[in-house]
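Good morning, and thank you for coming.

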Amino acid sequence: MSQPIESSLPNRNRRRWLFDSGCLAAAGLIGLTRKSQAAGGKLRVGMTPAFLHDQHSMLGEWRAFMAASLQRPVEFVQRDSYRETMDLLRLEKLEFAWICDYPYLHLKDTVRLLAVPLYQGRPHYRSYLIVRKGDTRTRSIADLSDGVFAYADPYSNTGYLSPRYEIRQLGHDPAGFFRKTFFTWSHRKVVEAVASGLAQGGAVDSYIWDTLAYVEPALTARTRVVWRSPEYGFPPFVAHRSVASADFQLMQRHLLDTSRSEAGRRLLGLLHLDGFTIGSPALYEGVARMMRSFGEA
Amino acid sequence: MRWLFNLSFRHKIPLWTSFLISVSIFVVGAALMTRAYQDMKTAVVISAGNLAHTLANTLAPALLHDNVWRAFEIARSPIRAESAKTPVAVDAVVVLGRDRRIFVSSDPDTLPMLADAATLGPDWLQLSERLATPSEETWPLVLEPQDSGYLYLVLPITDKDAQLGHLVLRYAKSVFHPWFIDTIWQGLGIGLLVLAVLIPINWYWGSRMATPLVDLAQRMGMMLKSVPEPLPPDLYPYHDELGQLFAAYDRMVLALRDKAALENEMVKSERLAAIGQLTAGIAHEINNPLAGLMTTVDTLKLRRNLDPRALRQLELIDRGLMQIRDTVAALLVQTKVQARPLNPHDLEDVHTLIQPQIGKRRIQLDWSAAMPAELPAPASLVRQILINLLLNAIQAAAEGGHVSLWLGRKAESASCLSIEVRNDGTLLGDEQLAHLFEPFASTRPGGHGLGLWVTYQIVTQLEGRITARNVDGQVEFVVNLPLGESPCSTASP
């Protein structure tokens with residue numbers, strides 16, 4: 001899962017960016033252009049389970065599109081847990097990353113908000129509480145107290161923080177509320193765990209569940225959404241604070257302009273997104289409040 | 001049941017052998033099937049063992065770190081789609097914790113997480129109890145609970161020395177069945193094919209053996225009533241015990257026929273001898289007074305004063321007495337006369353004597369007589385035999401028919417004079433043959449029935465032999481007369 005997507009690219013593209021980077025390097029030497037200031041270095045973008053990150057062909061296409069648009073070599077670095085991507089950001093092994101809002105708040109001293117995807121036209125999403133299709137008894141998370149519950153990731157807002165907050169709002173201690181809990185390390189696998197009956201309930205990202213309902217309707221058809229959380233700020237693209245402002249702006253501009261090109265719109269279609277907006281940290285106030293209630297941040 | 005054993009060999013041999021062939025095929029087939037079933041089970045256990053070792057190793061870290069999802073993914077990995085069921089396809093993978101509760105299973109619907117194995121039904125209760133009692137198990141442990149449709153294979157999951165739990169693989173026996181039934185159908189097909197080949201061969205062989213036996217039994221059954229026919233020579237041309245039996249039967253039939261023929265001949269000879277004695281006695285009794293009567297009549301005829309009417313009556317009496325004398329003389333064959341030997345002139349005389357009869361009936365005569373200058377046979381008696389037989393043949397032959405004579409000595413019996421006379425008239429019936437040589441036995445209108453009687457008497461008194469038979473569409477009389485002291489061989493002509 002962690003291998004760079006770059007290696008699977010067609011040679012044509014590779015030759016093209018080698019040629020491009022060669023030109024850029026030459027230009028940089030004589031100090032003529034703005035791009036030269038970025039030293040023509042490779043841009044590493046961390047991809048997390050904040051979206052359906054196992055659609056490899058789509059990722060390849062996106063990376064090529066990004067590299068062509070930025071005229072820079074781009075590497076997508078995939079990790080299966082937020083924690084690993086967060087570590088890579090801390091270690092400055094990534095320039096950019098698409099992470100969940102919860103890690104973003106954890107890392108707000110390390111990263112800057114770059115852009116927020118627009119889902120259904122707005123930079124918001126929710127947490128879904130899902131149960132098995134056949135379970136018609138469950139009305140809220142309180143009905144699942146004697147069951148097995150599947151969380152997505154300990155650094156997922158919708159897959160961990162939000163349901164635990166809800167439990168706490170209901171007056172219970174989330175630590176001992178369920179009979180047993182486990183992490184699947186991906187929203188998709190939460191859906192699988194609930195669909196297969198391994199867990200009686202699960203918390204999942206609304207964006208991912210909705211996308212899955214479109215991409216793999218047979219899977220989501222075996223689950224039922226019981227409860228929808230309030231809206232939270234959508235998982236943002238972030239940049240490490242050490243990223244040069246030129247690169248920051250280059251990437252920000254690229255993201256914001258995605259919906260302006262045909263290829264970009266096609267990609268957004270694959271991602272089930274509408275575009276990107278600059279966003280603001282205030283979007284994530286709701287998450288921050290929940291974190292504070294657990295004594296984090 | 002007894003009727004089964006009373007059946008004809010024609011049915012019994014094929015039935016029994018078919019039954020035995022079927023039983024053999026069934027028994028061998030059943031043994032192979034059982035073996036195939038055991039092999040299949042062994043294959044399942046071996047394959048399950050390999051799978052269990054691999055799974056247990058990869059599951060250990062997941063179990064150690066309480067990584068439910070990872071363990072679930074591993075447990076689910078060997079489960080195939082419904083369509084690809086094979087006997088070695090595992091039905092369910094279950095990971096039991098140290099507390100024998102389900103840590104994770106490939107089928108959470110029926111084997112949910114955290115459920116105590118002992119509560120999941122009799123199979124699992126038995127399995128749980130087995131795992132609860134610490135004993136020197138040899139791993140993997142194979143469990144096949146009674147009245148259960150499943151086979152279980154258990155392997156401990158360990159990390160270093162620590163036992164983290166148990167891995168249980170469940171195999172549905174019902175998956176074996178279609179495969180096993182396939183094997184059965186194949187076996188059955190081959191068995192039927194073998195039967196289809198063997199049964200007709202067996203029926204052919206059985207009937208080949210039974211038909212002569214049945215035939216033999218039928219003929220033996222008729223033996224008391226009459227002498228049966230011999231078996232057809234190509235019925236069973238082999239020399240095993242059956243062949244020997246049939247050959248012995250044939251020899252017996254031939255011996256019986258000879259015996260019957262001999263008995264027949266003896267009865268005939270005895271009857272003829274008795275008739276001969278009787279007629280000789282009567283003839284003597286008649287001859288003595290007859291001689292007196294004839295002398296008296298002669299004397300009376302010599303008287304001079306006889307009126308013509310009395311003379312006529314005396315002559316009538318005389319002729320009557322003469323007829324009686326002739327008849328009696330014919331009955332009383334006397335051979336004890338000194339006779340000269342036979343010479344070719346005698347044969348010529350006979351030839352000449354029968355010419356008028358030949359001419360009258362336009363008979364073609366085939367005369368073949370190999371005659372030396374002289375033969376030590378009584379000439380007058382041989383002449384009488386020849387004349388009797390030839391006249392008889394000429395009368396018997398159809399108008400314009402054939403009569404043949406052969407006279408001579410046969411190579412195999414040089415001390416015998418053989419006479420063979422044939423005619424192409426009506427063949428003799430059995431009844432005629434039986435009474436042919438008796439006096440007054442003639443069936444021919446006008447015949448007095450003494451010719452053959454006389455001939456028979458002469459031949460018998462000369463210690464010869466006379467036979468009559470139908471041969472090649474002709475009636476044949478054969479006479480063998482001894483020349484000299486030694487008797488003729490009695491071999492049948």
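Leaving aside neighbours within four places in sequence, His240(A) is in contact with Leu89(A), Glu92(A), Leu94(A), Glu95(A), Thr110(A) and Val111(A), where contact means heavy atoms within 4.5 Å. His240(A) belongs to strand 12 (residues 237-240) of chain A. Helices (H or I, at least four residues) and strands (E, at least two) are DSSP runs, numbered from the N terminus. With a relative accessibility of 6%, His240(A) counts as buried; the term buried means under 20% relative accessible area, exposed means over 50%, and partly exposed lies in between (1.4 Å probe, protein chains only). The side chain of His240(A) also makes a polar contact of 2.8 Å with the side chain of Ser242(A). A polar contact is a pair of N or O atoms within 3.5 Å; within protein, one must be able to donate a hydrogen and the other to accept it, and residues adjacent in sequence count only if both atoms are side-chain atoms.

A word on the origin of these values. This is a predicted model, in which local features need pLDDT of at least 70 and side-chain atom pairs count only at pLDDT 80 or more, while totals for chains, interfaces and linings use all residues. Residues are numbered from 1 along each chain as its sequence is written, chains are lettered from A and ligands numbered from 1 in the order in which they are written, and side-chain values use heavy atoms, with hydrogens and water left out.

I turn to salt bridges. Side chains of opposite charge can pair when their charged atoms come close. The rule asks for a side-chain nitrogen of Lys or Arg within 4 Å of a carboxyl oxygen of Asp or Glu, and over all chains the count comes to 33 salt bridges. One of them joins Asp247(A) and Arg72(A), with the closest N and O atoms 2.9 Å apart. Asp247(A) lies in helix 10 (residues 245-256) of chain A and Arg72(A) in the loop between helix 2 (56-70) and strand 2 (74-78), so the pair ties together parts that are 175 residues apart in sequence. Asp247(A) is buried at 9% relative accessibility, and Arg72(A) is buried at 4%.

In chain B, Asp215(B) and Arg219(B) meet in a salt bridge of 3.0 Å, N to O. These two residues are four apart in helix 5 (residues 176-221) of chain B, and therefore separated by about one helical turn. Asp215(B) is buried at 18% relative accessibility, and Arg219(B) is buried at 14%.

How do the two chains meet? The contact takes 13 residues from chain B and 14 residues from chain A. Together they bury about 1200 Å², 62% of it on carbon and sulfur atoms; buried area is the accessible area (1.4 Å probe) that two parts lose on being put together, summed over both. In chain B, Trp69(B), Met113(B) and Leu114(B) lose the most area to chain A, together 49% of what that side buries.

How many salt bridges does the rule find across the interface of chain B and chain A? The rule finds four. Arg132(A) forms a salt bridge with Asp109(B), with 2.3 Å between the closest N and O atoms. Helix 3 (residues 68-76) of chain B supplies the largest share of the side that touches chain A, five residues.
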